[in-house]
Structures are given as structure tokens and as C-alpha cells.
Number of protein chains: 2
Amino acid sequence: MTFPRIFLLFPLFFIAFCHESIDSHSLPRPLILEYPENIEALLAEELRLECTSWRLAAETNNLSPWKTIPQECADYVKDYMNGREYVMDLRRVSEEAKVYANGVELSGDGMDVWIFDIDETLLSNLPYYAEHGYGLEIFDHVDFDKWVEKGMAPAIEPSLKLYEEVLGLGFKVFLLTGRSERHRITTVENLINAGFKDWHRLILRTPDENGKLAILYKSEKRSEMEKEGYRILGNSGDQWSDILGTAMSSRSFKLANPMYFIP
Amino acid sequence: MTFPRIFLLFPLFFIAFCHESIDSHSLPRPLILEYPENIEALLAEELRLECTSWRLAAETNNLSPWKTIPQECADYVKDYMNGREYVMDLRRVSEEAKVYANGVELSGDGMDVWIFDIDETLLSNLPYYAEHGYGLEIFDHVDFDKWVEKGMAPAIEPSLKLYEEVLGLGFKVFLLTGRSERHRITTVENLINAGFKDWHRLILRTPDENGKLAILYKSEKRSEMEKEGYRILGNSGDQWSDILGTAMSSRSFKLANPMYFIP
């Protein structure tokens, strides 16, 4: 999606004319408009507001399916992903999840489950996206698969802390990812090198599941867990398709990710 | 919840010491620390980031149930609610919902439904909350009921535009509110005065439903609609308890509201 650039100019026209009297149409008009001196700062602030609003809409699942971030917000998303706010947002969701996890009464029968998504939840693909405009480029499966096969995605540290916490509390950890089975070995190695261990099950897409919408695929996998008798008490993911659908978790935690949308 | 204030100081200590060499422990230390001159601006920016992060967590349903906004964010929430960003956020969700509504193929049998919540969705209680710290005070049912009975809540204009759009497209509009039946007459008058009309049904809480969690009450009402044969295709609300639960809408739209949380 793109912002209609003309809207960005409205406040400037307003500012340019706001000191004229209501009857100014009857006076001689200046040929050169007097724009305010700080016009660039005003435009930048307007754009920052628009992109912040776009990001909120993305994070609250209000947008129609989107394939790239808005062109105008390229710098904004880059700054957010590399700045302190993304880290703050990741820490906060981890802390909130920890508080919840500690308040849950576990049955002790080993059937209490916490589900984690992998990409942008446990492992960060930021090094890849930094090379691809932070979501500005259309997603390239082939190129991304090459990155995945390097097995070098770093841990998202606040998620690692949560991961260790829920394991320590006695949850069974299920990893439910949109990655395909052919990446299993690399994914396991990457996870272990990044500090993750002792998961109960790692679920990847089988070849026949590759075309399925993530929200359906993940719902089916959760339903299967419930049929096996597991109680899904916590679920962490960066996409709403990790969270919504059927067999939803008692509580879910949405990690920030303004770079891409998976339906 | 409150932010641990000590964390706000860490970046300042860092800044205060960052020009010292690594071996500075072997040098005589100054007794008076040289804080940066713009310490107040740095603290203010830190607080803005923390409150922005808190608001994102609230809007993405990541927080444990909360009764008041964080004390530290009182000014931030006030500024947000009275500033351009809240209006931008309301406009965006309305525009996204319009795009979706126009793309839905309606059956034409009069059973296609769009649900609207009322408070902070169709009608704004901002005049009330402005007098009560924008969520800083614990919710006072008696006082709020007096405000409701005045019937003076203004329309949320972007929602009115969406409301008229979905009516024009042929959706049946259901209003599903946590307000109680005893406010029916005032609520109807308030809605009509604010420009809303032609809804199909206005559902308020009956006396026996007053103690029920909103998420259960609203899920039950949606389930009843489905049993009657209605198809819930759109749902607009400012609380996740308007949206989640059973008989969820095909698509839901979460309006911004950092002032209060209804479970």
C-alpha cells in the first residue's frame, strides 16, 4: 500500500495560509507562497506519524494482506528494527509472557504446552532483511531459503529468556514453524547454536502442506495437539496467523514484526 | 503496572561514562559526575519510548488485565488521545474496513452482518475520560453511568463513515454493547443524535448478564446470531473482548483505545 502523497501536503497548505485573513481573496495575492522555514521538519514529522499509524494497524491485524511495507516507510521501518524500540517491544512481550506463565497452575502430567513460532520469534532474520530493504522487497523464497540453510540466524534474546523460563516451570515446548521439513537439520542446528534446547517437538511443513495458508496449517497442528490431550496454555508468535484460527491458546503473545505479513 | 524507574537511568549512566577510556578505573575519578546538559530531554525521550511500547503491548493484547494506565504514561496517553495520531489511527482502521467491506460478496438474502461495539467504537467518551485522567483513575461505574445518561457522547466520525458505507453495501448492522438494558433509551437517542440510524438490532446486557465477562457475553451473542442463520462478516470494536472468543467474525477491526481494558 502507498500513502496518497497529496494528503501529506494538506497540513502544509493549511500552515502556509493560516495567517491570512478570511477575506484575503479580495486582496492582491502574492505570487510566491511563503512556506514555513521548517517545512522539511514538518514533512518528516508528518511521515513519522503516518508510518507509526501504519505500523500500529499492521500489529493489530487491521490491514488487508500486504506484500511489502509502504515505500514511504522504508526508512521508518529500518530505524525501528535497528533502534531501541524494537528491543523494548520484544522485552516487554517476553516479560508479560513470563508473568502469565508463572501465574498458570500446571497439572504436572506433562500435558501443559507452550508453543513457539521460530522466525522473528525465537530466531531473528534481521541480517537477511537488512540486505532486502526490511520488507520493502517482495519476498524471495529462493533467496530466503539460502539464508535459512546458512543456519546463522541469531537468537531473539528476550524470547530465549522466556523459553528457558517456561521450560523451567514445567511446560512442554512445541516449536511450530512455517519452515519446510527440508530445512529440519539446519533449523535444529541453528536453534541449538542459538541456545535453544529441550523442546518436545519441532513441527515443520510436510511437502503436502507447503501450499496451505499458515493460519490453517497452524490451526490444524494445534487441533492435533489437543486431540492428543495436550492443553495449549501459551503461544508466542510474530504473526496473527500464529495465533488466530482454531484450537487457540489460552493466552497468546504477539511479537512485533513490521517487516512482513504471512496470511 | 509501573516501570522500574531505575531502568530509565541506565542509558544516562552509559552516556555519562561513555567518553571515559576503558582503563579509567586506574585514573583519579571526579567527585561530581558530568551529566549531559540535555538530561531532561533524554529522560523525556526515554519515557516516550517506554509509553509507546506499553501502548503497542496494550493494543496487541499482550498485557495482563489492567485497571489503570501506568502513572508514568499519564501525559503520554493524554497527548495521544488529544493529538493527531489517535485520529489518524481511527481513520486508518475505518478505511481498511471499508476496503474489506467493498470486497466482500454479499449473498443478498439479508443475513450478512457487520457488528459494531458502541463505546470508543461508534461513540466517544473522551469528554468523560478527559475529566478522569484518561484512564489513570480506577473506573467508577456510578460516575460513568451518569455520563452515559446524559446521552451526549459524540460520534467517532471515521466510524460513522464506515457505518454508513456498510449499510449502503447491504450489510445488516448489529450493535453489540456492554452497556446495560437500563441505558437503552438514552443510548438510542445518543446514537441517533450522533448520526447513527437503521441498525437491525441493538443488543445490551440484560440484568442477569451484568456480571459476565465481556468476551463470554459477546461470544454468546455472536453464537446466537449464527444460530439464527446470520453470517458475521465484519466486526468493529476497541477491545479484544469485542473480537476474540467463539463465533468470531470473518474479519475484525481493532480500534485504538489505550485508556482502558475490558476483559
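Visitor: How far apart are N and O where the side chains of E46(A) and R84(B) meet in a salt bridge?
Guide: A salt bridge puts a side-chain nitrogen of Lys or Arg within 4 Å of a carboxyl oxygen of Asp or Glu. The side chains of E46(A) and R84(B) pass that test, N to O, at 2.6 Å.

Visitor: What kind of model is this?
Guide: Residues are numbered from 1 along each chain as its sequence is written, while chains are lettered from A and ligands numbered from 1 in the order in which they are written. Side-chain values use heavy atoms, without hydrogens and water; local features need pLDDT of at least 70, side-chain atom pairs count only at pLDDT 80 or more, and totals for chains, interfaces and linings use all residues, since this is a predicted model.

Visitor: What does the pair E46(A) and R84(B) join?
Guide: Helices (H or I, at least four residues) and strands (E, at least two) are DSSP runs, numbered from the N terminus. E46(A) sits in helix α2 (residues 39-59) of chain A. R84(B) sits in helix α4 of chain B, so the pair joins two chains.

Visitor: Is E46(A) buried or exposed?
Guide: Buried means under 20% relative accessible area, exposed over 50%, and partly exposed in between (1.4 Å probe, protein chains only). R84(B) has 44% and is partly exposed. E46(A) has 7% relative accessibility, so it counts as buried.

Visitor: What angle of rotation superposes chain B on chain A?
Guide: Copies are fitted by least squares on the C-alpha atoms of residues with pLDDT of at least 70 in both. The RMSD is 0.0 Å, and the shift along the axis is 0.0 Å. The two copies are thus related as by a two-fold rotation axis. The rotation is 180 degrees.

Visitor: Which residue of chain B comes closest to the rotation axis?
Guide: The distance is taken at C-alpha, and the closest approach is 2.7 Å. The residue is T60(B).

Visitor: How many residues of chain A are in contact with chain B?
Guide: Contact means heavy atoms within 4.5 Å. Chain B brings 37 residues to the meeting. The number on chain A is 36.

Visitor: How many salt bridges are counted between chain B and chain A?
Guide: One links E50(B) to R92(A), with the closest N and O atoms 3.0 Å apart. Over all chains, a search of the whole structure finds 36. Between chain B and chain A the count is 4.

Visitor: Which element gives the most to the side of chain B that touches chain A?
Guide: The elements of chain B giving two or more residues to that side are α2 (39-59), α4 (84-103) and β5 (251-254). One of them contributes 11 residues, the most: α2(B).

Visitor: By how many residues in sequence are the parts tied by E85(A) and R55(A) separated?
Guide: E85(A) forms a salt bridge with R55(A), the closest N and O atoms being 3.5 Å apart. E85(A) lies in helix α4 (residues 84-103) of chain A and R55(A) in helix α2 of chain A, so the pair ties together parts whose separation in sequence is 30 residues.

Visitor: Which residues are linked with R55(A) in a network of salt bridges?
Guide: R55(A) is buried, at 4% relative accessible area. E85(A) is also buried, at 14%. The network links R55(A) with E85(A) and D89(A).

Visitor: How many residues apart are K218(A) and D117(A)?
Guide: Their side chains meet in a salt bridge, 3.0 Å from N to O. Both residues are buried. K218(A) is in helix α9 (residues 214-227) of chain A, and D117(A) is in the loop between β1 (112-116) and α5 (126-130) of chain A. The pair links distant parts of the chain, 101 residues apart.

Visitor: What distance separates the C-alpha atoms of L175(A) and L202(A)?
Guide: L175(A) lies in strand β2 of chain A. L175(A) is buried, at 0% relative accessible area. L175(A) and L202(A) are 27 residues apart along the chain, yet their C-alpha atoms are separated by 4.7 Å.
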